[in-house]
Amino acid sequence: ASYCASKAATEALSESLAQELQPFNIRVAVVEPGVIETPIFSKVGNDHPHTDYPNMKRFLCFFAASLEFHTQPLVVAEVINDIVSGKRNAFRNPAGPDAPGMLGMRAAVSDEDWINSVAVTDDEWINGMEQMGLGVGKYMKAEGLPQFSFA
């Protein structure tokens, strides 16, 4: 929640700055990456403490399946370069192969449906993720939680 809140605050600040700076011909753009293979995932650690949070396994399985695409930070750098060089003029700029789908998925459902989406069964959740091209089933069916390590 705190990570998402900081990203939402950054987006709201960027929207405000874009409006405030527009009269000065200064353009503001946000980059919205999908799941990028960075060291943040190795910080999860291999020893997961017990949690009563029921969706921990789903989140970790989502990330594990997304990381199979091995999307490197260079993808984000290329989007930034396109913005700076004027090849992109949009305010919002998805980065990575899964970013447009993730952003579109959230935009396509009401707030109430988004909030209640965690109440579906594991099988329904797996089916939905696999329809988006994420092979989460093998991680969900495995014993324990996914482990993250990068060479």
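The model is predicted, so local features need pLDDT of at least 70 and side-chain atom pairs count only at pLDDT 80 or more, while totals for chains, interfaces and linings use all residues. Residues are numbered from 1 along each chain as its sequence is written, and side-chain values use heavy atoms, with hydrogens and water left out.

First, the fold. The protein has seven helices and two strands, in the order α-β-α-α-β-α-α-α-α along the sequence. Helices here are DSSP runs of H or I with at least four residues, strands are runs of E with at least two, and numbering starts at the N terminus. The C-alpha atoms fill a box of roughly 55 × 40 × 30 Å along the principal axes.

Next, burial. Of the 151 residues, 25% count as buried, meaning under 20% relative accessible area with a 1.4 Å probe, protein chains only.

Now the cores. A nonpolar core is a set of buried Ala, Val, Leu, Ile, Met, Phe, Trp, Tyr and Cys residues joined through side-chain atoms within 4.5 Å. The largest has 15 residues, and those with the most contacts inside it include Phe62, Trp125 and Phe148. Both α2 (56–67) and α6 (122–131) supply at least two of its residues, and α2 gives the most, with six.

Take Phe62. Beyond its neighbours within four places in sequence, Phe62 is in contact with Val35, Met102, Trp125, Met129, Leu134 and Val136, contact being heavy atoms within 4.5 Å. A second, separate core has five residues, among them Val76, Val79, Ile83 and Ala95.

Methods:
Buried < 20%, exposed > 50% of the residue type's maximum accessible area, 1.4 Å probe, protein only.
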